[in-house]
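Please work through each task before reading its solution.

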Amino acid sequence: MTPYSVATSPQTRLLFDPEMRPLLQYLMQAPRSAAEVARQLDLPLTRASYLLLKLQQAEVALVERVDRRAGRPIKRYQVLPRWFIPYEVTAAETLDAFWWEQLRPRMAQVAVLAARQVQERAPVWGLWLSQGTADSNLEIGDETGPAQDVFAGDEPLMLTIATVRLDGPQARRLKGRLLALLNEAAQWETPGAPEYTLSLLLVRGAVA
């Protein structure tokens with residue numbers, strides 16, 4: 001397994017910084033110079049050098065080697081490709097708050113994408129409140145009714161929260177089948193085709 005580093009609090013602030021994420025991913029692939037970073041991320045050279053210095057000072061990025069070109073030293077920086085970030089070194093007070101802080105931006109992005117797609121079908125959307133159980137009587141829809149044809153029909157758009165009662169072996173079987181399907185779908189990828197986002201969350205206990 002690839003070696004990993006345990007992040008400190010100062011390192012965590014950089015690792016969680018959205019602005020740093022493309023740079024971190026780029027430096028995890030191979031040692032890069034400031035000029036390469038500037039070209040790849042479309043940054044001024046001074047900005048690229050500044051960001052690399054911040055990472056180096058926090059010991060997130062290390063100078064892997066120094067090449068010489070026309071007598072000038074060219075530093076090449078690299079970031080270890082695996083990090084463990086304990087929630088105790090973050091500003092989060094609890095583990096659930098720590099996880100939510102990371103999930104919330106992604107969930108918000110998914111919600112925006114879904115909203116844009118359904119608005120292409122009808123301009124007015126809302127929630128339908130109907131007789132039912134406490135966790136199933138609110139449904140997304142337009143003025144004509146719940147959007148069951150959108151989320152459960154042939155449209156390649158799905159927004160479903162379901163509650164099922166399963167014992168341990170059944171729940172593990174469901175998890176295995178979902179992951180197997182996701183792995184199978186990864187083999188279907190077609191260059192240039194639209195990109196779809198799928199989020200899977202299977203937890204024990206009802207979600208209000």
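Is Arg47 buried, partly exposed or exposed? The model examined here is predicted.

**Solution 1.** Step one: the relative accessibility of Arg47 is 29%. Step two: buried requires a value under 20%, and exposed one over 50%. Step three: Arg47 therefore counts as partly exposed.

**Exercise 1.** Determine which residue forms a salt bridge with Glu19, and where the two partners lie.

**Solution 2.** Step one: the partner of Glu19 is Arg47, with 2.4 Å between the closest N and O atoms. Step two: Glu19 belongs to the loop between helix H1 (9-15) and helix H2 (21-29), while Arg47 lies in helix H4 (residues 45-57). Step three: the two residues are 28 residues apart, so the pair links distant parts of the chain. Glu19 is also partly exposed, at a relative accessible area of 45%.

**Exercise 2.** Explain how Glu101 and Arg104 are placed along their helix, and describe their contact.

**Solution 3.** Step one: both residues are in helix H5 (residues 95-119), 3 residues apart. Step two: this spacing means that about one helical turn separates Glu101 from Arg104. Step three: they form a salt bridge whose closest N and O atoms are 2.8 Å apart. Step four: Glu101 is partly exposed at 42% relative accessibility, and Arg104 is likewise partly exposed at 38%.

**Exercise 3.** State whether the contact between Arg65 and Glu64 meets the cut-off for a salt bridge.

**Solution 4.** Step one: the closest N and O atoms of Arg65 and Glu64 are 3.4 Å apart. Step two: the cut-off is within 4 Å, so the pair counts as a salt bridge. The structure holds 4 salt bridges, including this one.

Definitions and conventions: Residues are numbered from 1 along each chain as its sequence is written. This is a predicted model: local features need pLDDT of at least 70, side-chain atom pairs count only at pLDDT 80 or more; totals for chains, interfaces and linings use all residues. Side-chain values use heavy atoms; hydrogens and water are left out. A salt bridge is a side-chain nitrogen of Lys or Arg within 4 Å of a carboxyl oxygen of Asp or Glu. Helices (H or I, at least four residues) and strands (E, at least two) are DSSP runs, numbered from the N terminus. Buried means under 20% relative accessible area, exposed over 50%, partly exposed in between (1.4 Å probe, protein chains only).
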